[in-house]
Amino acid sequence: MKVKILVTGLVLTLGASLALPLRANDQIIPPTISKIWPSGMQRGRTAIFRIDGRSLSGAKDVIFDSPGIRAKLSGIIAVPEKISGPRAGVDTEAQVPRGRKERAQMEITVAKDVEPGIHRFRIQTPLGTSNMAVIAIGSLPEINASGKSLKGSAVRPQRVELPATLIGTIAAPGDTQDYSFEGKAGEELVFQVVASPIGSKLQSLLVLRDSSGKVLAEAGENDNRQDAVLSYKLPGQGIYTVSIADREKGGGKDHFYRVSAGPLPYVTGVFPLGVRAGNPARVSVSGVNLGGSHQVDIHPPKWSDGWITLPVEIKNGQSSSLNKVMLAVGNEPEILEQEPNNTPAHAQVVSLPVTINGHIDAGATVDEKSDEDYFRFHAKKGQSLDIQVAADRLGSRLDSVIEVLDTQGNPIPRATVRCQNQTMTTLSDRDSRTTGIRLVSTSGLHEGDYLMIGDELDRIAVIPDQPDADIEMEGAAGLRIAFLGTSPDVHAVNTPAYRAEILPAAAKFPPNGLPVFHLTWRNDDGGPGYGADSRLDFAAPEDGDYILHLKDVRDLEGPDYAYRLSIRDANPDYRLEADPENPNIPQGGSVPISVRADRLPGYEGAIEIQVQGLPSGVAAGRATIPAGQTSTVLVLSAGPNASAGALPSPIKIVGHASVAGRDLVRVANEDTVLQLASVIPPPDVLVTAEPAQLAIQPGKSVTVTLHVQRQNGFKGRVPCSIENLPPGVRVVNVGLNGVLVTESQSSRTFTLRAEDWAKPITQPVYVVGRVESNSPTMHPSAPILLQVSKGEEKESRNYGPAAASQPATSRKP
């Protein structure tokens with residue numbers, strides 16, 4: 001018998017029993033999903049999917065984000081795989097255990113009223129919940145590609161009838177797949193690629209041709225986004241061909257796609273991109289197959305600083321727009337950009353606070369120079385302003401760059417970066433996203449130091465106590481953060497890197513033979529959560545007028561380059577991220593959750609962390625992000641009688657901060673679904689540490705002894721890390737393998753050292769043991785109360801003015 005249970009928006013399809021499998025001394029390795037195929041289905045139907053993963057045995061539950069989607073697993077089988085040992089001179093790290101590679105069949109039924117789009121799910125087994133996987137749900141009939149087109153060949157296009165969802169794979173580099181169809185004169189067609197959200201690496205390029213092979217339209221060549229969208233009005237009756245390829249000439253099994261194609265309703269633009277909270281407003285909506293021009297009345301909430309879904313009513317009998325359009329809602333007064341304002345002398349005068357809705361578009365003006373907009377505003381000396389653009393996040397094609405100028409249109413100095421110790425990047429090129437950077441030498445560098453790499457200013461988060469490892473830069477949401485308005489960039493091997501001293505813009509000092517960088521008030525990319533949108537924290541150096549300059553960084557323009565520019569006083573705020581999102585908590589054991597605060601300028605105070613919705617028998621330890629710090633460790637513990645294998649509980653991790661006498665509450669991973677806590681069987685290891693309390697002076701060291709108690713027949717090694725250390729305290733002299741408890745050991749002593757600049761503080765730290773596998777489990781000790789006492793006064797090291805400590809942070813438009 002199958003029973004459907006709805007728990008706060010989660011749907012679980014349960015088997016008749018949920019018996020725990022016999023352990024037989026197996027290591028606990030929670031389930032993982034590596035692939036689901038096909039990648040989607042049509043709603044209102046039932047379809048069979050193949051699930052590839054590990055540790056899927058015993059699975060009975062599939063947990064979706066929508067009550068209209070049901071699923072059941074069957075036929076779980078082991079997949080043979082060749083497991084080889086480490087290769088001499090090639091594999092430098094030990095081979096970790098892996099859960100049994102398995103394949104399952106999953107039957108999914110989707111109700112007719114389920115919203116089309118990307119949906120998410122997890123699989124629960126007796127060993128916990130899996131990582132989150134996605135499927136695409138469409139509303140059109142589905143057509144699979146019947147063959148492949150080879151490079152340079154004249155393979156006949158596959159004939160299809162539209163509307164439909166076209167499904168295929170660009171299987172080899174340079175391949176193209178072609179579909180032909182009959183079109184009518186005046187018919188407006190839309191081709192929307194869905195690839196990136198379902199895990200494909202395809203960077204799509206769409207080309208539409210007539211029967212003679214003439215190119216009528218193309219999309220994706222110069223697009224910021226991975227997935228292309230093409231719309232076109234057909235000139236006459238006839239046969240047309242649409243081609244899909246990878247714009248970087250890539251290909252492979254991981255270059256799959258779904259294309260919604262046909263005379264479908266699609267919103268191509270909205271203006272303005274947002275409205276003021278509490279003020280009814282009307283926005284213009286443009287698009288194809290919408291049944292005429294649209295003016296949509298909006299009734300926004302009374303107070304908001306986020307976004308809402310734009311309600312678009314289709315007048316031609318179709319259900320809804322193919323794409324979902326978001327509309328920003330803000331609290332500042334709203335005005336429209338007024339041309340001409342494309343020079344400093346013609347800057348539009350605005351009063352603060354304000355949100356300006358405009359376009360980077362010269363329109364019919366004949367001018368070789370692309371459009372750019374200028375705005376004049378007044379600020380008082382020391383006034384802190386939050387200036388940000390919302391465009392890319394709201395569907396605009398604008399890739400903005402902003403800068404604050406003086407009234408003559410000249411850049412305003414912000415800070416001087418004096419380079420000191422020199423090193424360079426090594427091992428491999430690094431993209432603009434990763435937080436890990438390999439340096440030739442870390443001599444003279446400390447955690448908390450600023451590092452200038454190219455034109456990018458970063459800050460060091462972690463320096464490993466071993467040479468063959470990356471240093472970690474500060475980041476958010478897995479992305480590197482750049483400081484003082486600089487933007488993360490690609491860094492080739494052998495790029496010079498310098499320890500950076502942040503000084504006032506007018507600082508004078510003797511030359512040391514190393515570069516000096518003069519930063520102005522400018523920003524291209526605002527950082528994690530901003531996409532291609534810009535953000536700047538501006539502190540007015542004097543009373544007076546200033547000019548804000550906005551343009552597209554590529555000097556592109558057009559009617560679909562709309563923007564929303566907000567200039568307002570900086571408000572203290574923060575955002576929280578928690579990892580993992582689905583903690584699997586062992587009976588009689590604990591798991592650590594890393595909670596990170598992305599602080600907005602103006603708030604550096606403490607943030608208390610709490611958890612809501614924990615399963616029965618699970619408790620959360622106290623956790624606080626101390627003032628001036630960005631992270632803490634939250635420990636969840638399950639009692640020995642907690643019910644392993646019970647239904648997972650939706651949880652919410654909440655922060656509380658006192659700002660101007662009010663409780664500022666923020667929820668971690670606010671836009672993430674299926675944050676679940678599960679109780680699993682007892683842990684493979686228990687970690688303890690002594691002493692329970694430590695006192696350390698700046699410039700001094702102390703030792704800690706950790707103990708690992710192995711259980712369930714587990715005999716492997718246990719790498720350990722020390723988490724939640726305060727600034728200036730680090731683990732030293734641990735060697736190439738870090739704090740490692742080998743297979744023959746049950747304890748290990750390590751040393752903590754406080755740098756001479758470490759500040760007085762008392763906070764808990766944790767020794768966390770890692771049971772290695774493809775899905776590792778983490779096991780924290782009880783908290784060690786670490787007290788850093790007051791040392792001798794030292795000259796402040798490398799920390800510049802207050803503005804220098806503020807990264808480009810994450811926030812909704």
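## Salt bridges across the chain

The structure holds 30 salt bridges. Keep in mind as you look around that this is a predicted model. Side chains of opposite charge can pair when their charged atoms come close.

Arg54 is buried, with a relative accessible area of 13%, whereas Glu81 is partly exposed at 29%.

## A pair that joins a network

Next, find Arg568 and Glu332, which form a salt bridge with their closest N and O atoms 3.3 Å apart. Arg568 is in strand β46 (residues 562-569) and Glu332 is in the loop between β27 (326-330) and β28 (334-336), so the two tie together parts that are 236 residues apart in sequence. Are these two residues buried or exposed? Both Arg568 and Glu332 are buried.

Another salt bridge connects Arg430 with Asp470, where the closest N and O atoms are 2.9 Å apart. This pair links distant parts of the chain, 40 residues apart: Arg430 is in the loop between β34 (413-424) and β35 (436-437), and Asp470 is in the loop between β37 (456-462) and β38 (471-473). Arg430 is buried, with a relative accessible area of 11%, and Asp470 is partly exposed, with 22%. Returning to Glu332 and Arg568, salt bridges that share partners join these two with Asp386, Arg535 and Asp537 into one network.

## A buried arginine without a salt bridge

Now look for Arg247, in the loop between β20 (238-246) and β21 (256-262). Arg247 is buried yet has no salt bridge. How far away is the nearest side chain of opposite charge? That side chain belongs to Glu248, and it is 4.5 Å away.

What does the side chain of Arg247 reach instead? It reaches the backbone oxygen of Arg225 at 2.8 Å and the backbone oxygen of Ser204 at 3.2 Å. Leaving aside residues up to four places away in sequence, Arg247 touches Gln203, Ser204, Leu205, Gly220, Glu221, Asp223, Arg225 and Gln226.

## An exposed serine

For a contrast in setting, turn to Ser146, in the loop between β12 (142-144) and β13 (158-159). Ser146 is exposed, with a relative accessible area of 64%. The C-alpha atoms of Ser146 and Ala228 are separated by 22 Å, and the two residues are 82 residues apart along the chain.

Strands of a sheet pair through backbone hydrogen bonds, either parallel or antiparallel. Here, three strands form an open sheet with mixed pairing, in the order β48-β57-β54. Its edge strands are β48 (584-586) and β54 (649-650), each of which pairs on one side only.

Strands β54 and β57 (residues 676-680) run antiparallel and are joined by two bridges. Which residue of β57 is the bridge partner of Pro650? The partner is Leu676.

Most residues other than glycine have a negative phi, and most peptide bonds are trans. With that in mind, visit the peptide bond from Glu339 to Pro340, which is cis with omega near 0°. Pro340 has its place in the loop between β28 and β29 (348-349). The peptide bond from Leu352 to Pro353 is also cis, with omega near -5°, and Pro353 is found in the loop between β29 and β30 (354-359).

Asn494 has a positive phi of about 75° although it is not a glycine. This residue is in the loop between β40 (479-480) and β41 (496-504), and it is partly exposed, with a relative accessible area of 47%. Ala660, likewise a residue other than glycine, has a positive phi near 55°. You can find Ala660 in the loop between β55 (652-659) and β56 (662-667), where it is exposed, with a relative accessible area of 81%.

How values were computed: Residues are numbered from 1 along each chain as its sequence is written. This is a predicted model: local features need pLDDT of at least 70, side-chain atom pairs count only at pLDDT 80 or more; totals for chains, interfaces and linings use all residues. Side-chain values use heavy atoms; hydrogens and water are left out. Helices (H or I, at least four residues) and strands (E, at least two) are DSSP runs, numbered from the N terminus. Buried means under 20% relative accessible area, exposed over 50%, partly exposed in between (1.4 Å probe, protein chains only). Lys and Arg count as positive and Asp and Glu as negative; His and the chain ends are not counted. A salt bridge is a side-chain nitrogen of Lys or Arg within 4 Å of a carboxyl oxygen of Asp or Glu. A polar contact is a pair of N or O atoms within 3.5 Å; within protein, one must be able to donate a hydrogen and the other to accept it, and residues adjacent in sequence count only if both atoms are side-chain atoms. Contact means heavy atoms within 4.5 Å. Two strands pair if DSSP finds at least two bridges between them.
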